[in-house]
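Visitor: Could you walk me through this model and tell me what the words for it rest on?
Guide: Gladly, let us look together.

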Amino acid sequence: EEVDGLGISPDGRFFAYGSFRSAKVLAVKDWKMVQTVEYGKESRGSVVNSIDFTADGDFMSLAGNAGNVMLVKTKNWSPVGNGLIPDASSIKSVRFSPDERLVAAGNGGGELTVWRAWDMSLVFQFSSMVYIEAVEWSSDGRYLIIGGRDDGQGRIQVFRTSDWQMVGNPEVLADGASIEYIDVHGDLVAV
């Protein structure tokens with residue numbers, strides 16, 4: 001099956017990659033399998049598209065074709081939260097906020113969803129593009145940036161997290177390409 005997502009815990013303990021109906025987690029110190037975390041349902045798809053870890057590596061988030069974001073505690077690999085987007089097409093990207101209080105995801109149907117990490121209660125939902133492929137927080141957590149495609153153009157949109165207003169919507173690629181990845185370093189954004 002396809003493998004679209006992988007993640008390395010910032011503390012250097014875990015390497016996780018998407019697999020068929022699961023994420024495989026390896027210990028970085030010896031590259032041995034630590035855990036297979038089941039994801040998805042046969043009826044809703046099963047590919048893991050995105051994986052993210054908290055800074056201390058204590059929590060991992062998974063998202064994919066099943067249309068939900070699953071939070072897992074790495075101490076015992078048990079699911080501790082589940083954010084479902086009803087009727088969502090494949091979730092393409094999931095990221096913890098810098099303070100780890102929020103989790104954001106974007107899906108192939110063009111919908112941005114943000115939850116509180118501790119209980120996966122809904123904070124913000126917005127249908128904004130034809131297709132969302134990437135989400136990323138600014139380094140200070142004041143902005144959430146999404147990328148994808150809209151009206152045949154690669155676009156990013158920037159939301160201010162204090163009130164969830166869109167404060168930026170520049171055209172980035174006019175050749176029909178999609179923004180598939182966003183990275184932030186200080187006040188710089190690469191797409």
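Guide: Let us start with a term: contact means heavy atoms within 4.5 Å. This is a predicted model, in which local features need pLDDT of at least 70, side-chain atom pairs count only at pLDDT 80 or more, and totals for chains, interfaces and linings use all residues. Residues are numbered from 1 along each chain as its sequence is written, and side-chain values use heavy atoms, with hydrogens and water left out.

Visitor: Which residues does S22 touch, not counting residues up to four places away in sequence?
Guide: S22 touches Y17, T36, V37, E38, Y39, S46 and V48. You will find S22 in strand β3; helices (H or I, at least four residues) and strands (E, at least two) are DSSP runs, numbered from the N terminus.

Visitor: Why does S22 count as buried?
Guide: Buried means under 20% relative accessible area, exposed over 50%, and partly exposed in between, with a 1.4 Å probe and protein chains only. S22 has 3% relative accessibility, so S22 counts as buried.

Visitor: What makes G64 buried?
Guide: The relative accessible area of G64 is 0%, so G64 is buried. G64 sits in strand β6. Leaving aside neighbours within four places in sequence, G64 is in contact with Y39, V47, V48, N49, S90 and I91. G64 and G40 are 24 residues apart along the chain, and their C-alpha atoms are separated by 7.9 Å.

Visitor: Is M129 buried or exposed?
Guide: M129 has a relative accessible area of 6%, so M129 is buried. M129 belongs to the loop between β12 (122–127) and β13. Leaving aside neighbours within four places in sequence, the contacts of M129 include G109, I146, R149 and Q157. From M129 to R149 is 20 residues in sequence and 6.5 Å in space, C-alpha to C-alpha.

Visitor: What makes a nonpolar core, and how many residues has the largest nonpolar core here?
Guide: A nonpolar core is a set of buried Ala, Val, Leu, Ile, Met, Phe, Trp, Tyr and Cys residues joined through side-chain atoms within 4.5 Å. The largest one here has 15 residues, and V25, V37, I51, M60, L62 and W77 have the most contacts inside it. Two or more residues each come from β2 (14–19), β3 (22–27), β5 (48–53), β6 (59–64) and β7 (68–73). The most, three residues, are given by β5. In soluble globular proteins, nonpolar side chains tend to be buried together.

Visitor: How do you know whether F15 and Y17 are buried or partly exposed?
Guide: F15 has 18% relative accessibility, so F15 counts as buried. Y17 has 25%, so Y17 counts as partly exposed.

Visitor: How many aromatic pairs are there in the whole structure?
Guide: A search finds nine aromatic pairs. One aromatic cluster is formed by F124, F126, W137, F159 and W164.

Visitor: What makes a pocket, and which residues lie nearest the centre of the largest pocket?
Guide: On a 1 Å grid over the protein atoms alone, a pocket is an open set of points where a 1.4 Å probe fits, with protein on both sides within 12 Å along at least five of seven lines; lining residues have an atom within 4 Å of a point. The largest pocket is lined by 16 residues, with I8, P10, D52, F53 and R95 nearest its centre. β5 supplies the largest share of that lining, three residues.

Definitions and conventions. Phe/Tyr/Trp six-rings, centres within 6.5 Å; stacked < 30°, edge-to-face > 60°.
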